[in-house]
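The sequence and structure come before the discussion.

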Amino acid sequence: MSKVILITGASSGIGKAIGEFLHHKGYTVYGTSRNPEKVFNSVFPLLALDVRSTESITTCIAKVISISGRIDVVVNNAGVGIIGPLEEIPTSEIRNNFETNLFGPIEVMKAILPQMRSQKSGLIINITSIAGYMGLPYRAVYSASKGALEYVTEALRMEVKPFNIEITNVAPGEFATNIAASRYHVPLSPASAYSNYAKTIETINEQVDGGDDPKAMAETIYKIINTEKPNVHYKVGPFLSKFSIVLKRILPDKRYEKMLMKHYKL
Ligand SMILES: NC(=O)c1ccc[n+]([C@@H]2O[C@H](COP(=O)([O-])OP(=O)(O)OC[C@H]3O[C@@H](n4cnc5c(N)ncnc54)[C@H](OP(=O)(O)O)[C@@H]3O)[C@@H](O)[C@H]2O)c1
C-alpha cells in the first residue's frame, strides 16, 4: 500500500517539486493551495487550504482521510516571506506572517496528531529555513517565525515519541521559487531612515533568484520518508548558507554579526 502524503502549499515552488517527485515515485500525494481552482498544471490532486484558518485545516485533513483512509506523512510547507525595516513593517503584516509560518503549521500538527496517534504511526516534516537559525537584517520577522517553528519541532518530537510519530525540520537555503515575488516587502522610499535597506533587498533577491532547483528539497524529503528514525534537523541548499550555521556556532557573536553585515552590504 502506497503511503498517503499531504503537502501544504503545493501549488508552486518547493511544495510542488516535492509533490511531483513523490507522485512519480508512486506515493499517494495530496497537495493544497488557497485557490486550487486557479492551478491547472498539477499532476496530483490539490485541495483547498488556508493555514490561517483552523476550519480550513480540519476540512482539508478530513477530506484526505475520507478518500484515502489515513495520512502517513504531512509536509508542513506552506509559508510566506516578509522583508523590510522592522520599524516600518505594519503590525498586521507581522501578524499575518506568524499566522502563516508558525501558527498555521502548529494548527496543522494539532489537527493531524489524533489521526496519527490512532494509526500508531506518522511523520511530520516542517519546512523551516536557514534564516531561522539567525536573526537576519530586514528579515527579523521571517527569521523569528521560522526559528520558532524549529523549536516547536524540537519540543514536540519528544512529546510524541510514545505514539511512534516522528517529527523533523528541513531548513532550505536559497531556492528559485515564487517566494520573492509573493512575499510582503516594505516599499523602498526616499523618506525612509533606513537608506541601506535597498542594498540588502537587492542582495536577498539575487540570492533567491540564483537559488538551487527545488528538486534537491524533494530528494531530501524522499530520503527522510524512507528513514526509520529521521534526524531532528536537515539543512538543504547552497554550501555557504549551510556553512553560515556552522560559523554562528564557532565565531564570537560580534565577529559573526560583522560578517553578516558585510555580506548584506550594511
Ligand atoms: N525558496 C526559498 O529560498 C526558501 C528558503 C527557505 C525557506 N523556504 C520555505 O519553503 C516553503 C515553500 O516556499 P517556496 O519557496 O516554495 O515559495 P512559493 O513558491 O511562494 O510557495 C509557497 C506556497 O505556500 C502556499 N501558501 C502561501 N500562503 C498560504 C496560506 N496562508 N495557506 C496555505 N498555503 C499558503 C502557496 O500556495 P497558494 O498561493 O496557492 O495558496 C504556495 O504553494 C515556505 O515555507 C518558505 O518559507 C523557502
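The model is predicted: local features need pLDDT of at least 70 and side-chain atom pairs count only at pLDDT 80 or more, while totals for chains, interfaces and linings use all residues. Residues are numbered from 1 along each chain as its sequence is written, and side-chain values use heavy atoms, with hydrogens and water left out.

**Ligand shell**

Around the ligand there are 30 residues, of which S11, S33, R34, Y142 and T177 come nearest; a residue is near a molecule if one of its heavy atoms lies within 4 Å of it. The shell consists of 11 nonpolar, 14 polar and 5 charged residues. In this division Ala, Val, Leu, Ile, Met, Phe, Trp, Tyr, Cys and Pro count as nonpolar, Asp, Glu, Lys and Arg as charged, and the others, Gly among them, as polar.

| Residue | Protein atom | Ligand atom | Distance |
|---|---|---|---|
| D50 | polar side-chain atom | nitrogen | 3.0 Å |
| N77 | backbone N or O atom | oxygen | 2.7 Å |
| T177 | side-chain N or O atom | oxygen | 2.5 Å |

On its own the ligand has 890 Å² of accessible area, and the protein covers 94% of it (Shrake-Rupley method, 1.4 Å probe; for residues, only the protein chains shown count as cover). Two or more residues of the shell come from each of α1 (13-24), α4 (140-160) and α5 (179-182). Helices (H or I, at least four residues) and strands (E, at least two) are DSSP runs, numbered from the N terminus.

**Aromatic pairs and charges over rings**

The structure holds 5 aromatic pairs. Rings of Phe, Tyr and Trp (its six-membered ring) pair if their centres lie within 6.5 Å; planes under 30 degrees apart count as stacked, over 60 as edge-to-face and the rest as tilted. The pair of F21 and Y222 is edge-to-face, because the ring centres are 5.7 Å apart and the planes stand at 65 degrees. Since F21 lies in helix α1 and Y222 in helix α7 (residues 215-225), this pair ties together parts that are 201 residues apart in sequence. F21 is buried at 16% relative accessibility, whereas Y222 is partly exposed at 27%; buried means under 20% relative accessible area, exposed over 50%, and partly exposed in between (1.4 Å probe, protein chains only).

Ring pairs also join Y27 with F21 and Y222 in a cluster. The charged end of K25 sits over the ring of Y222, 4.9 Å from its centre. This requires NZ of Lys or CZ of Arg within 6 Å of the ring centre and within 35 degrees of the ring normal. R117 likewise has its charged end over the ring of F163, 5.7 Å from the centre.

**Loop residues**

S129 is in the loop between β6 (122-127) and α4. This serine is buried, with a relative accessible area of 7%, and its side chain reaches the backbone nitrogen of A131 at 2.9 Å. L188 is placed in the loop between β8 (184-185) and α6 (197-209) and is exposed at 51%. The C-alpha atoms of L188 and G84 are separated by 8.8 Å, although these residues are 104 residues apart along the chain.

Terms used:
A polar contact is a pair of N or O atoms within 3.5 Å; within protein, one must be able to donate a hydrogen and the other to accept it, and residues adjacent in sequence count only if both atoms are side-chain atoms.
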